[in-house]
Amino acid sequence: MASDRASDRDEIMQAVSTAVLAVTRHLSVREVLQVIVRSAQRLLDARYAALGVPDEDGSFAEFVAEGLTDKQWDAIGPLPRQHGMLGAMLRDGAPVRLPDLREDPRFEWWPKAHPVMKDFLGVPIRDGEEVLGIIFLANKRAPDGFTPADQDLLTLFAAHAAIALTNARLYERGRELAMLEERNRMARELHDAVTQKLFSLRLTAQSAAVLLRSAPDEAAAELERVQRLAGEALAELRAVIVELRPAELDRHGLAETLRKHVRLLDRLHPARVTFEGDELPPLDSAIEVAVLRVAQEALHNALRHSDASLVEVRLGDEGGKLVLTIRDDGKGFEQAESRGLGLVSMRDRAESVGGVMTVASPRDEGTTVRVEVGV
């Protein structure tokens, strides 16, 4: 009997060790969160597993889950807020094990499309006194639900997961600082180069103006030089834009950066803001920056000026073209009103990477902004 218990203990510790190693192989915070959830789900044989990292606004900065389909996620809607059991666990910082979550007085509600969860096990991921997040499991596949031994096992795993998550955060912070320092250095160099180009451009244009009547052939040569210098200055300005691209694009890519931006706007504004995205091929840095900036400006316009109740964002690959569509159900606008909406700069951004932007905005029928860029 004692040998059987020792064998079980060794098997459990091997499972924990395997799970922890899977976590520590990943340095991206998002990857670490996903691996923690998958490892915990497998380790304790749960139907559902999730991990939430709290933010300072009463919601979750990150929330990943296993056991739900993309369709279910879309139906459930925005990220959960820190209410009910999740809020209680963040406040108390203590594990919770329940035979039926729905019967606990701390349970409040979940969205209509949320799957039914019964037996529940939640454990905080802590760094000293700080709660980094909550990992919780629901609906164990075994018939008797989660046991005290399961709670001990998940607590042990959470302690190791905290180390992996802290290391990932430190790695990303160091990487961001190094990238920011290099980006600023390159931007300063490019700024100096662009300034010199523009100075030469101005002098050459003045020279052409002086020569225009007395020596038209020489003036024509100077104008050709103006055209060349303008092209070089434009190319270097684009390089500055790429070097100053948001750090989020380097961490998450265009689709995930835009998804996180949409989630934030959905929490901050009364209008519902949704995102739908396809898996994208690798994209040129300049394209990612241009499309993100157009999306941000279009969303700003929709949420500030349109009186919309729904704003839908879609990013996809359609026949080898990257297509961004932002559609709202607001009041639309007249062409004369478009000057203050930044449409010219949005169109310029799209065209700077070879793209095309179209805007349809019939009065009282909403607005659709569509950008197509060849990839």
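**Helix 4 and its surroundings**

Me: What do the buried residues of helix 4 pack against?

Reply: In this predicted model, the buried residues of helix 4 pack against strand 1 (46-54), strand 2 (60-66), strand 3 (96-98), strand 4 (120-127) and strand 5 (130-140), where a contact means heavy atoms within 4.5 Å. Helices (H or I, at least four residues) and strands (E, at least two) are DSSP runs, numbered from the N terminus. Local features need pLDDT of at least 70 and side-chain atom pairs count only at pLDDT 80 or more, whereas totals for chains, interfaces and linings use all residues. Residues are numbered from 1 along each chain as its sequence is written, and side-chain values use heavy atoms, with hydrogens and water left out.

Me: Why is helix 4 called largely enclosed?

Reply: Buried means under 20% relative accessible area, exposed over 50% and partly exposed in between (1.4 Å probe, protein chains only); seven of the nine residues of helix 4 (residues 84-92) are buried, so the helix is largely enclosed by the rest of the structure. The buried residues are G84, M85, L86, G87, A88, M89 and L90, and just after helix 4, G93 takes a positive phi of about 65°.

Me: What makes strand 1 and strand 2 a pair?

Reply: Two strands pair if DSSP finds at least two bridges between them; six bridges join strand 1 to strand 2, and the two run antiparallel. In strand 2, E66 is the bridge partner of A49.

Me: Why is strand 2 described as largely enclosed?

Reply: Five of the seven residues of strand 2 are buried, so the rest of the structure largely encloses this strand. Across the chain, 42% of the 375 residues count as buried.
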